[in-house]
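This report is a guided reading for someone who meets the structure for the first time. It looks at how the parts of the model are put together, and it begins with the meeting of the chains.

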There are 2 protein chains.
Amino acid sequence: MRTAVGIDLGGTELRAALVAEDGRLLARRSTRTDAAGGPEAVLAQMTGLVADLDLAGARPVAVGVGAPGPLDAEAGVVTGPPTLAGWHGFPLRERLAAALGLSVAIDNDGHAAALGEWRFGAAIGRRHFVYVTVSTGIGGGVVCDGRLLRGRGGLAGHVGHMIVTDDDVVCSCGNRGCWEAVASGTAFGRQARRAAAADPAGRIAALAGTAPADARHVGTAAREGDPAALALVAEEARRLGAGIVGLIHLYSPEVVVIGGGLSALFDLFAPVIADAVATRAMPAFRDVAVVPAALGPDAGLVGAAALVLAPN
Amino acid sequence: MRTAVGIDLGGTELRAALVAEDGRLLARRSTRTDAAGGPEAVLAQMTGLVADLDLAGARPVAVGVGAPGPLDAEAGVVTGPPTLAGWHGFPLRERLAAALGLSVAIDNDGHAAALGEWRFGAAIGRRHFVYVTVSTGIGGGVVCDGRLLRGRGGLAGHVGHMIVTDDDVVCSCGNRGCWEAVASGTAFGRQARRAAAADPAGRIAALAGTAPADARHVGTAAREGDPAALALVAEEARRLGAGIVGLIHLYSPEVVVIGGGLSALFDLFAPVIADAVATRAMPAFRDVAVVPAALGPDAGLVGAAALVLAPN
C-alpha cells in the first residue's frame, strides 16, 4: 500500500505522520513548534520528526505539508502567515525536499484539512463541499464541481476574511468586520473572559478558577444549563450560522463540514446553525447539511499527506 | 463560422441574438417580457423572437438561455426566481428545445454574463475571475482554476446573498443583511429617494423633478460636484468595496469585473473600491484589479450564446 508523510505546521504544534493511501495514520510524532526560532529552526524540527517516524519498512512516496496561509502553493513558498514571524518568502517546498530527499507539496492548512475530510472524513464522495475550521482564526477549503478550489496563487477559500459586519471589530489580518474577527475561537474566548469578569460569582468564572475563562469553560457551563453560558453559545452559533449561510450561497455545497478546536462544542451550536440555514438561506439551499469534521484534530495532518496521495 | 442563439430572459426585457463564435452579435431582437403571462406566454415570446431573427443563412448550432436564478442548470428547470411569478419548476430547457427543434442549455443570468465577459469581454484569458452584476439585485458568476463554478444544482456564485452586515435590512430573498439588500441598485435608488426627500431644494431632487430620484440623478449630481450626491456615491462604493474584498478572499480571482446597470457609475465608485482592496484585503490579495464589464448590457446576451458555443 502506498504511503506518504503528512506534516501539519501549526503556530503552536508541529506534527508529522506516516499515512496510508486509505487514510490510516500508521505512525506519528509531534513537538512544540519553535516559532521563535524562525523557519530554519522549524525546518530542522520537521526533518527531525520525519527521521523519528517509525516507518516499519514503508517507503513514503512523498511529503505533504499543511502550513498557515497565506502561502503560494504553486511556488511552494510561505507568503507571510500572521502566526509565524520571519517566514515571509521562505521557500519551504524546495528546502524541505532537499533536506529529506523526497518530493514535497505544500498548501495552506485549510486546504489540507478540507482535502483530509474529503478523502477520508465527513465529505467522502461529495462533489461540492465547504470545510470551515474554527480555531484561533477561521480558515477553510472548498471543493466545487469535484475539485479543490485553488484560485490565484492557491489562495482561494480564505473564508474567515469574508466581511460579515459593519461593526468596528479588528481582525488578526488588520481588516475590520471579518468573520474571523467576530466568530473565531479567539473571539469566543474573549467573550468568555468578559462574561467571567462581569459575573465573578457565576459558573463560567467558577469553572475557570484562577485561569482565564475559555471556550471549554463556557461549553461545560452551557451543558450544565448555565444561562450566561447558553447565551454566549447562542450568540456564537448565530454568528457562525450567518457566515455559513453566506458560504452556502457563494459556493453551493452539498454539505458544510466544521472542524477546528471550537468544533468540540459543535453539538451546542448545531441547532442554531441548522435554524439559520433553514430560515436565512434561499429556499433552493435550505437542505444543505452542516456537520462536524470526522477526523477531528487530525484532519490537517491526514490531509497534508493527501496533498500528495490524492490531491484532486 | 459557428453561430448560436443567445436569449437573455430578464424580469422586464426579453432579448434574443444570433452570436458568432467570436462573440460578435450578428442580429438581435427584443421585447418587453410578458411577466404577467407566466411561462407559457414568455415561451411563445421566445420562439417568436428567434423566428424573427435575421439569420442571413446562418444555421445556429444550439440555443443558450440566461434566466433569473435560482435555477437548476443541470436539470434545465427554473426553480423559483423572485422576479418571475409562476415559473417554479418550469422545464424551460425541454420545452424550448421542443418548440425550436434545437438543443438548449440554460443557466442563471449571472453565470451567463460571467461566461460572456470571460470569453469575449474584460476577463479574456483569465484563469480566475469574479463577475458581479449590480442591478435590481446583485448576482454573479465565478471562474476559478479555469472553470466556471457551478456547484450543487448549478447554484454557485450567488454573491448577492453573502451576509455582510448585522443591520436589520431585509433582502428580496427574505433574509436580512445580504450584500444585495444594502448595495444593489435598488438599495442605492432607495438612498437617492431619501436624499431627494430630505432636501427638496437640493440638486438630486432638482434633477429628478417630478419623477422618483434614482441612480442616474445621483450620478449626474455627483459628476457636478454636489456634496450630497458625492456622499451617497462614497457610501455605495464603500459597501461595494467591502463585499468585493470578501469575494477576493473567498475566490482568489485575478480580477473582479463589475457589470449591471449600476456599473454606469463605475468611474465614480472606482477610487473608493480600489482603496478598499488596497487597505482591507490581506497583503497577498491587494493587487487584484477591479474593472468594469466590457460588454455592458450585452454580457448576459452574448454569454447566453457562449453557454453553448464555449461553455467551459
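## How the two copies meet

Of the interface residues of chain A, 100% are also interface residues in chain B, so the copies meet through the same surface. The model is a predicted one, and the values that follow are computed from it.

Chain A can be laid on chain B by a turn of 180 degrees together with a shift of 0.0 Å along the axis, and the RMSD of that superposition is 0.0 Å. The two copies are thus related as by a two-fold rotation axis.

## The interface between chain A and chain B

How many residues of each chain take part in the contact? On the side of chain A there are 44 residues in contact, and they face 44 residues of chain B. Between them the two chains bury about 3,900 Å², and 54% of this area is on carbon and sulfur atoms.

Six salt bridges are counted between chain A and chain B. One of them joins D166(B) to R238(A), with the closest N and O atoms 3.9 Å apart; a salt bridge is counted when such atoms lie within 4 Å, so this pair falls inside the cut-off.

On the side of chain A that touches chain B, β10 (147–148) and α8 (227–251) of chain A each supply at least two residues. The element that gives the most to this side is α8(A), with nine residues. Sorted by class, the residues of this side of chain A divide into 21 nonpolar, eleven polar and twelve charged.

## Two domains within chain A

The domain assignment divides chain A into domain 1, which takes in 3–116 + 298–309, and domain 2, which takes in 124–293. The C-alpha centres of these two domains of chain A lie 26 Å apart.

Where domain 1 and domain 2 of chain A meet, 14 residues of domain 1 are in contact with 13 residues of domain 2. The two domains bury about 1,000 Å² between them, and 59% of that area is on carbon and sulfur atoms. One salt bridge is counted between the two domains of chain A, and two residue pairs are found in polar contact across their interface, both residues being at pLDDT 80 or more.

Which elements of domain 1 supply at least two residues each to the side that touches domain 2 of chain A? They are β5 (71–72), β7 (104–108) and α3 (109–120) of chain A. With five residues, α3(A) gives the most to this side of domain 1, and by class the side has seven nonpolar, four polar and three charged residues.

## Salt bridges in the whole structure

A search of the whole structure, taken over all chains, finds 34 salt bridges. Among the salt bridges of chain A is the pair of R150(A) and D107(A), whose closest N and O atoms are 2.4 Å apart.

Another salt bridge is formed where the side chains of R95(A) and E40(A) meet, at 2.8 Å from N to O. R95(A) lies in helix α2 (residues 92–100) of chain A and E40(A) in helix α1 (residues 38–52) of chain A, so this pair ties together parts that are 55 residues apart in sequence.

Methods
Residues numbered from 1 in each chain as written. Chains lettered and ligands numbered in written order. Predicted model: local features only at pLDDT ≥ 70, side-chain atom pairs only at ≥ 80, totals over all residues. Heavy atoms only, no water. Contact = heavy atoms within 4.5 Å. Buried area = accessible area lost by both parts, 1.4 Å probe. Helix = DSSP H or I, 4+ residues; strand = E, 2+ residues; numbered from the N terminus. Nonpolar A, V, L, I, M, F, W, Y, C, P; charged D, E, K, R; others polar. Domains from an automatic or database assignment. Polar contact = N/O pair within 3.5 Å; in protein donor to acceptor, adjacent residues only side chain to side chain. Least-squares fit on C-alpha atoms with pLDDT ≥ 70 in both.
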